[in-house]
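Have the sequence and the model side by side for this walk through a few local features.

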Amino acid sequence: MRKVLCDRGYRGDVDKDIEKDFGIELEVSNTPNGVKGFLPKPLRWVVERTFAWLDSCRRLARNYEISNESAEEMIDFAAIKFLINKI
């Protein structure tokens with residue numbers, strides 16, 4: 001069973017339904033008690049940063065693609081573009 005990090009929106013019955021239907025165990029990211037303000041979580045911060053980079057591409061900001069395959073290809077193209085710009 002795969003374990004996936006998610007935010008607090010997936011608490012409760014949704015967590016159990018996803019585990020039962022898809023075989024994915026959700027690990028809900030919580031802020032420790034007594035902590036106020038923003039506290040970056042190491043793995044989650046990487047995921048959120050990557051989504052922000054991908055969202056800066058106009059074609060990925062909205063769902064223009066008809067098929068999932070073409071949407072995946074556009075994500076690949078955007079990632080390649082970012083990697084080339086880093087060189």
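Two rings of Phe, Tyr or Trp, taking the six-membered ring of Trp, count as an aromatic pair if their centres lie within 6.5 Å. This is a predicted model, and a search of the whole structure finds one aromatic pair. The partners are Trp 53 and Phe 82, with 6.4 Å from centre to centre and 40° between the planes. The pair is classed as tilted, because planes under 30 degrees apart would count as stacked and planes over 60 as edge-to-face. Trp 53 belongs to helix α2 (residues 42-55) and Phe 82 to helix α4, so the pair links distant parts of the chain, 29 residues apart. Trp 53 is partly exposed, at a relative accessible area of 38%.

Phe 82 has a further contact: the charged end of Lys 81 sits over its ring, 5.3 Å from the ring centre.

Helix α4 covers residues 68-86 and also holds Ile 84. Together with Phe 77 and Ile 80, Ile 84 forms a nonpolar patch on the surface. The three residues have about 310 Å² of accessible area together. Ile 84 has 54% relative accessibility and therefore counts as exposed, the cut-off for that class being over 50%.

The last stop is a loop. Gly 9 lies between β1 (2-6) and α1 (13-22). With a relative accessible area of 60%, Gly 9 is exposed. Val 28 is 19 residues from Gly 9 in sequence, and their C-alpha atoms are 8.5 Å apart in space.

Key:
Residues numbered from 1 in each chain as written. Predicted model: local features only at pLDDT ≥ 70, side-chain atom pairs only at ≥ 80, totals over all residues. Heavy atoms only, no water. Patch = residues over 30% accessible without salt bridge, like charges linked within 9 Å, V, L, I, M, F, W, Y side chains within 5 Å. Areas by Shrake-Rupley, 256 points an atom, 1.4 Å probe, with all protein chains shown as cover. Salt bridge = Lys/Arg side-chain N within 4 Å of Asp/Glu carboxyl O. Helix = DSSP H or I, 4+ residues; strand = E, 2+ residues; numbered from the N terminus. Buried < 20%, exposed > 50% of the residue type's maximum accessible area, 1.4 Å probe, protein only. Lys NZ or Arg CZ within 6 Å of the ring centre and 35° of its normal.
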